[in-house]
Amino acid sequence: MSAIPWNLEPVAGAPLGAVMTGIDLTSPPAGLLDALPSLLAKHGVMVFRDQSLPPEALLDLAGAFGPVEESVLDQFSKPGYPKIYTLSNIIENGRPIGSATDGFGWHTDQGYFERPTAYTFLYGIETPAEGADTVFSTTRRAYDSLPQERQAALRHIMTRHSYMKMMTDRAKKPEFAGKVPMPTEEQRARVPEVVHPLVRRHPVDGGQGLYLGGQTLVEMIGLAPAESDALTKELFILCTAERFQYRHVWRPRDLVVWDNRHTMHRATPYDKERFRRLVWRVSVQGERPVAA
Ligand code: SIN
């Protein structure tokens, strides 16, 4: 049997995350792209160090895993590349080149779509020397930690999600006052409310995990408002507990890829006066979530 032509190390002491070194993703070793969906289902997050990825190479790579999505706030797309979303605090010609308010607060990407993002590719071009870590958690392990009767009860619940709830909540935060762009009518029309199962079956390996979306979550359908709020709070606390986390400390040229079906993540702050951040995000559309 031939040896696997890559070096993969699960992150020591963390319940999710693995780091792959010694490969160049502009010419991936044979078998790697086919293996990635299973590796991502297993590890949740994969870090590829020292990658040199021009925009086309990043789009080609992500496109190997499904249709690449356009973001709702298209004003932050990289010019000429509508499918690359820019996260940045850099101002050029008096205009922000990217969004500086995305990603804070625990969430999975674009859970407000009927077919939410399966895989996110985040490529660090300029990364602050301090702060701006991305923290991930495994909602599969969180679900596994619950007693079986509780798991069974949760499996019946559906959740309602709203893009506009997320944006209006974000705009109310003092740190983002006046900085959150409200979507145009046309942008809003792309994101009607959607309903997803609370416990989601993973299409690659059949595993089960909680699917909370994030600030988009409006209600647990069928529960009284107070009960719905209490359950939402309880499950957010569970899913984001430190024992279920991996904190990624960025280096320039890291490509971090994650599977949104059974993970959550959040961006962390950095000193925007001292440091520049320039990160490209490419999102791959997934399937309609299936109840476990
Ligand atoms: C995201 O939530 O998509 C981005 C996370 C980050 O900026 O660290």
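A nonpolar core is a set of buried Ala, Val, Leu, Ile, Met, Phe, Trp, Tyr and Cys residues joined through side-chain atoms within 4.5 Å. Buried means under 20% relative accessible area, exposed means over 50%, and partly exposed lies in between (1.4 Å probe, protein chains only).

1. A word on the model first. This is a predicted model, in which local features need pLDDT of at least 70 and side-chain atom pairs count only at pLDDT 80 or more, while totals for chains, interfaces and linings use all residues. Residues are numbered from 1 along each chain as its sequence is written, and side-chain values use heavy atoms, with hydrogens and water left out.

2. Start with the interior. In soluble globular proteins, nonpolar side chains tend to be buried together. Here the largest nonpolar core has 30 residues, and Met20, Leu25, Phe48, Leu58, Phe121 and Leu255 have the most contacts inside it. At least two residues of this core come from each of α1 (32–43), β3 (45–48), α2 (55–63), β8 (117–126), β16 (255–259) and β18 (278–285); helices (H or I, at least four residues) and strands (E, at least two) are DSSP runs, numbered from the N terminus. A second, separate core has 27 residues, including Leu16, Val47, Tyr112 and Phe136.

3. Next, look at strand β10 (residues 158–161). In a regular strand the side chains alternate between the two faces of the sheet. Thr159 and His161 form the covered face of β10, and Met158 and Arg160 the uncovered one. β10 runs antiparallel to β11, joined by four bridges (strands pair if DSSP finds at least two bridges between them), and Thr159 stands opposite His196 in β11. β10 also pairs with strand β14 (residues 217–220), again antiparallel, over three bridges; there Arg160 has Glu219 as its bridge partner.

4. Together with Val195 and Ile221, Met158 makes a nonpolar surface patch of about 210 Å². Patch residues have over 30% relative accessible area and no salt bridge, with like charges joined within 9 Å and nonpolar side chains (Val, Leu, Ile, Met, Phe, Trp, Tyr) within 5 Å. Val195, in strand β11 (residues 194–197), is partly exposed at 39% relative accessible area.

5. Now for the charges. A salt bridge is a side-chain nitrogen of Lys or Arg within 4 Å of a carboxyl oxygen of Asp or Glu, and the count by this rule is 16. In one of them, Arg274 pairs with Glu130, with the closest N and O atoms 3.5 Å apart. These two residues sit in loops 144 residues apart. Arg274 is exposed at 55%, whereas Glu130 is partly exposed at 45%.

6. Two further pairs deserve a look. Asp133 and Arg247 bring their closest N and O atoms to 2.8 Å; Asp133 is buried at 11% relative accessibility, but Arg247 is partly exposed at 42%. Arg150 and Glu234 form a salt bridge at 2.7 Å between the closest N and O atoms. Arg150 lies in helix α4 (residues 148–154) and Glu234 in helix α7 (residues 225–239), so this pair ties together parts 84 residues apart in sequence.

How values were computed:
Areas by Shrake-Rupley, 256 points an atom, 1.4 Å probe, with all protein chains shown as cover.
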